[in-house]
Amino acid sequence: MPKITNNDIAKEAGGPKTAVSFAFNDPSQLAPSTVRHIREIAERLGYTPDPIARSMTTKRTNALGLLLPQDIATALANPFFTQFIRGIGKVCGRVGMTLMLVPPLWGSMLKAIPHATVDGFIVVGLEVDRGEVQLLRRRHIPFVMVDSEAPADVPSINVDDRSGARAVMAHVLTRGHRRVAILCIESGKAGHIDEYTGTLAARLAGYRDALADDGVEIDGDGIQIAEAPSSWEGGYAAFEQIWDMPRPPTAIVAMSDIIAIGVMDAARARRVRLPEQLSIVGFDDLPDARRMHPALTTVRQPVEEKGRLAADTLVAALTDSSAPVHHLLPTELVIRQSVVPPL
């Protein structure tokens, strides 16, 4: 069958071709009854607008981009991202937009940005001095920073990482643990914790606060600090290294639940009794945390709400030039069964 065009719709509707374009691309230019009439004809004839032509006319793609730090398969294996995307998706459904997942291209997030046909980006965990953020600013592409130290002129969504980390470390210490391993999310700065920024810096500061309250230095004899990719595999491999040390810890404090869950599975594989021989805590309160055996003590952050707020903020930024907003969401210590006094 021949392709239905704007001319066909205009002829059937008895009006100019520009009215058809307005009906799909800028309906505010027409009376609502005219828009409805044109769209009814288009549906009857089987017409669908060409998305490429439409974006060239409107200068919009009607899509939001989520810039991922990993390939899609790896990112979606982490329940944090599935919850976060759920929050974004609810906004997209409400406002009639689509979501594009933008993973690294040829191993580079920087290379991926120019190839993403989106109206703006949600950027997770990148600091303002990163090349990706600088590129977005140079090109005046709207974006929202999540889990980052955003400058005043860029909207951001964060949680109170420091107080949450302080609370969960204090819980571990009050149970009597003095040999503690801190598993930080991989930063590329292993051994240089004073160079941490953003979420990592805030959580480490919270751990440091709780240790100082107890008279313990973060670089003291009983404290080990290591890094692991924020994945199940990362936690599993980190446990193997830590447990084979001459004086393994009695407790592991992980910066994310998915790392903690990997640690727990590795410990069970080595027949380590949890939590009697090893107490473990995480950060996030993912759905799997409460289903672990023992159930995981962790810090609850509103992951889905964070995604919803990020998407709402980006949608607003596409049309509103008012001052950027900065949200700081609360965290909450969730005590379960994964921490007991050391043997």
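I began with Phe239, which, leaving aside neighbours within four places in sequence, is in contact (heavy atoms within 4.5 Å) with Ile252, Val263, Ala266, Ala267, Arg270, Val272 and Leu278. I note that this is a predicted model, in which local features need pLDDT of at least 70 and side-chain atom pairs count only at pLDDT 80 or more, while totals for chains, interfaces and linings use all residues. Residues are numbered from 1 along each chain as its sequence is written, and side-chain values use heavy atoms, with hydrogens and water left out.

Next I looked up the nonpolar cores, meaning sets of buried (under 20% relative accessible area, 1.4 Å probe, protein chains only) Ala, Val, Leu, Ile, Met, Phe, Trp, Tyr and Cys residues joined through side-chain atoms within 4.5 Å. The largest has 49 residues, and Met169, Tyr207, Phe239 and Leu278 have the most contacts inside it. Among the elements giving two or more residues to this core are helix H9 (161-174), strand S6 (180-185) and helix H12 (257-269), where helices are DSSP runs of H or I with at least four residues and strands are runs of E with at least two, numbered from the N terminus. H12 supplies the largest share of this core, eight residues. Apart from it I found another core, of 26 residues, including Phe80, Val146, Ala311 and Leu329.

I then turned to Arg203, which sits in helix H10 (residues 198-213). Arg203 counts as buried because its relative accessibility is 2%. Not counting residues up to four places away in sequence, I list Asp161, Ala165, Ile185, Met255, Phe283, Asp284 and Gln301 as touching Arg203.

Notes
Buried < 20%, exposed > 50% of the residue type's maximum accessible area, 1.4 Å probe, protein only.
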